[in-house]
Amino acid sequence: MSLTMSSRMSISPGVPSAQDESPLPSSPPPTTLPLRTIPGSYGWPLLGPISDRLDYFWFQGPEKFFRKRIEKYKSTVFRTNVPPSFPFFRNVNPNVVAVLDTKSFAHLFDMEIVEKRNVLVGDFVPSVKFTGDVRVCAYLDTSEPEHSKLKNFAMDILKRSSKTWVSEVLGNLDTMWDTIESNISKSGSASYIVPLQKFIFKFLTKSLVGADPSSSPDIAESGYIMLDRWLALQLLPTVKIGILQPLEEIFLHSWAYPFLLVSGDYRKLYEFVRKEGKEVLRRGETEFGLSSEETIHNLLFVLGFNAFGGFSVFLPSLVSTIASDTTGLQEKIRQEVREKGGSTLNFDSVKEMELVLSVVYEVLRLNPPVPLQYARARKDFQLRSHDSVYDIKKGELLCGYQTLVMRDPKVFEEPESFRPDRFMNSNGSELLSYLYWSNGPQTGSPSVSNKQCAAKDYVVLTAAMFIAYAFRRYDSITGDSSSITAVEKAN
Ligand code: HEM
């Protein structure tokens, strides 16, 4: 599959060339890089993967796991194993080549040299039963004809929903903050996770499916919990939860839990979408040539996994970063959101809010909501890091851990620090080419010839509206990663 001009341009920052390309235009002139054997090993069969799995989930945790190996091999590219592995994941090959700097990571976006078939969460593929025996868009490679149809369908849903999207976000934010305020006045502090997830579920269901959860009492009451359970069962084997060890290893990381445990929930969600989402389903079938089953399961995956899952991870880190800040950031945000954008909030008005957008980007940089990305070599090729070139063989699985890639000291000054204004001004806009949270640079565009998040711009603008709404309503918000302890209403 050949790369189109636009996708080639969109990935320019890390695309390898005959000579080294410096990460930023102001860096020294290009030099030829040395060819290096990829350091690291997969260890003894069974023992290597188990030892790496225990480090990853238990003794080190993902961040330290990758950091320690960068130090050990003095390289941001190395061989290692990532979970899940033995005993009950015999068909999963844990061997990967880790790519942990901005330049080597960017190879994951070049669809000419890598493929993305069934690698959404690595070599492990959750049972296709979770999606009604349909392989949904996120698991398809760009060379599979169904990918184009489904990606176009996803982008069409977003485009058509944009008007409802804004009003649904704002209307449901009213409800969310009313609930939080009333809980603070009753108990002195309010856990915001449940009101936040209800907000996310409701605005997404109304905008993406065109359906009101209130039309089904069961879905209105527990639709978001159904999605949480469905997501958890698919992802458990690959995610560190942080409960008491070795219980987590024994019970959560040793086998995949069956779909049967959530089949009742999924059936209810399916029926709800089938009955209430008629207009979107009709378009899927008539305009994109999808079968009714394919449309419903893909719509449910986009709603539940891509959208609800993504926002459920991202928004708490945004709230927590701002609510716990003690550096005067809230005052600056407050000033900007009240000065700019006129009386109503919408996508156009938040585009004017430079600081708010920069805060959104900086939170995405430091806490990328989907930290791991994978891609398989489509052919033999040479992979470049900042300092070396490595031979990659067709079929090898590349694994990028964004949390470290987004702290690449060759690109980001003081990479570990939260700098709210990092992405402001012209220097800041250049850095957007290195912001990869959406499986592509922030300067790129999702298309059928790449695997970049279909909602790349919606996510950023929605998060900006979320902040702007909060600071038009409040002068200050105090809280942490799970609770709001105080809000001071705007005068
Ligand atoms: C904060 C929220 C979100 C985050 C963090 C996020 C992140 C991502 C990432 C990292 C990928 C690439 C996964 C991979 O291939 O490794 C992706 C793909 C995708 N996302 Fe999002 N996403 C979010 C919201 C949404 C929303 C609201 C939609 C609604 C349409 C959406 C639709 C998609 C689709 C359809 C794909 C698959 C693209 C393809 O197969 O070409 N995402 N997203």
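Helices (H or I, at least four residues) and strands (E, at least two) are DSSP runs, numbered from the N terminus. The model is predicted, so that local features need pLDDT of at least 70 and side-chain atom pairs count only at pLDDT 80 or more, while totals for chains, interfaces and linings use all residues. Residues are numbered from 1 along each chain as its sequence is written.

**Exercise 1.** Work out whether the length of helix α3 agrees with its number of residues.

*Solution.* Begin with the expected span, which is 1.5 Å times one less than the number of residues. Then look just past the helix, where Lys74 takes a positive phi of about 50°.

**Exercise 2.** Find which residues of α3 are buried and which are exposed.

*Solution.* Count the other C-beta atoms, placed from the backbone, within 10 Å of a residue's own: 20 or more means buried, 12 or fewer exposed, and in between partly exposed. By this count Phe65, Phe66 and Arg69 of α3 are buried. Seen down the axis of α3, the directions from the axis to the C-beta atoms of these buried residues fall within an arc of 85°, so they line one face of the helix. On the other side, Lys64 and Glu71 are exposed.

**Exercise 3.** Determine which helix gives the most residues to the shell around the ligand.

*Solution.* Helices α5 (145-187), α11 (292-323) and α17 (456-473) each supply at least two residues of this shell. Of these, α11 gives the most, with 6 residues.
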